[in-house]
Amino acid sequence: MDRRTFLAGAAVLAATGLLPGAAHAQSAARPLPAPRTDGGMPLMKALAERRSSRSFAPRELGEQELSDILWAAFGVNRGDGRRTAPSARNFQEIDVYAVMAAGAYRYDAQGHALVPVADQDIRELAGSQAFAASAPLNLVYAADYERIGAAESEKERYAAWDTGFISQNVYLVCAALGLATVVRASIDRPRLAAALGLVPRQHITLAQSIGHPG
């Protein structure tokens, strides 16, 4: 996203009152329970159950479900800080944001916690499809191009590959947990980026809606 587009989106949100307040910068991180890494659905069964669904029940996800989803998406699974999804040359350029009714958060993989970035319900900005505004959870994937040690012409490619790995992890953990999910590209990126407090070097790649089946 170029700076002009970013600032235009911020101006629109300022006019509508949807810009995140400055208070969040000082808000404490919200710890998540440890992810469940034993048992569960066999991998081949999860692959057989993997599918896209656009119908979600209104009830919220539990803290354990949220923990399992975020860890599966791009959590730390080794002592050296590497992650559950591949990352080209270990750039780890994708930040995962959780957009829910209670607000929006950045997933801190190292601390396995949620860092507040907005205290309003901004789910309506997480996708152009009507269901995004009511899905209990929308994950937003944003690539920080400064972390990608490659030519400018290649950065979009690396970000796309790495987002794909993460979103497929989410599909599989949702299948294992009996949850519905769908990955989406139809997003008003400037408005959503401004609401999440992203900076111009961060580029939203995809979003993914998650919830109990409708």
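Strand β6, residues 180–184, is largely enclosed by the rest of the structure, because four of its five residues are buried. This is a predicted model.

**The sheet**

Where does β6 sit in the sheet? Seven strands make an open sheet, and their order is β1-β4-β3-β2-β5-β7-β6. The pairing is antiparallel. β6 is an edge strand, and so is β1 (30–31). Each of these two pairs on one side only.

The partner of β6 is β7, and the two strands pair in the antiparallel sense. Five bridges link them.

Now move to β2, which covers residues 94–100. A hairpin of two residues joins β2 to β3. β2 also pairs with β5, and these two strands run antiparallel.

| Strand pair | Sense | Bridges |
|---|---|---|
| β6 and β7 | antiparallel | five |
| β2 and β5 | antiparallel | six |

M100 stands opposite G103 in β3. V99 has A104 as its bridge partner in β3. I94 stands opposite A143 in β5.

Is β2 enclosed or open? Seven of its seven residues are buried, so β2 is largely enclosed by the rest of the structure. Both of its faces are covered. I94, V96, A98 and M100 are buried on one side. D95, Y97 and V99 are buried on the other.

**The helix on the sheet**

Which helix packs on the sheet?

**T205, a residue in β7**

T205 lies in strand β7, which spans residues 202–211. Why does T205 count as buried? Its relative accessibility is 18%, and buried means under 20%.

What does T205 touch beyond its neighbours within four places in sequence? Its contacts are Y141, A143, A159, T163 and R189. With T163 there is also a polar contact, side chain to side chain, at 2.9 Å. A142 is another residue to look for. T205 and A142 are 63 residues apart in sequence, yet their C-alpha atoms are 5.8 Å apart in space.

**R83, a residue in a loop**

R83 belongs to the loop between α3 (63–74) and β2. R83 is buried, yet it has no salt bridge. How far away is the nearest side chain of opposite charge? That side chain is D95, at 6.3 Å. A salt bridge needs the charged atoms within 4 Å.

R83 does make polar links. Its side chain reaches the backbone oxygen of F74 at 2.8 Å. The R83 side chain also makes a polar contact with the side chain of Q92, at 2.5 Å. Leaving aside neighbours within four places in sequence, R83 is in contact with F74, G75, V76, N77, R78, Q92 and A109.

Note on methods:
Residues are numbered from 1 along each chain as its sequence is written. This is a predicted model: local features need pLDDT of at least 70, side-chain atom pairs count only at pLDDT 80 or more; totals for chains, interfaces and linings use all residues. Side-chain values use heavy atoms; hydrogens and water are left out. Buried means under 20% relative accessible area, exposed over 50%, partly exposed in between (1.4 Å probe, protein chains only). Contact means heavy atoms within 4.5 Å. A polar contact is a pair of N or O atoms within 3.5 Å; within protein, one must be able to donate a hydrogen and the other to accept it, and residues adjacent in sequence count only if both atoms are side-chain atoms. Two strands pair if DSSP finds at least two bridges between them. Lys and Arg count as positive and Asp and Glu as negative; His and the chain ends are not counted.
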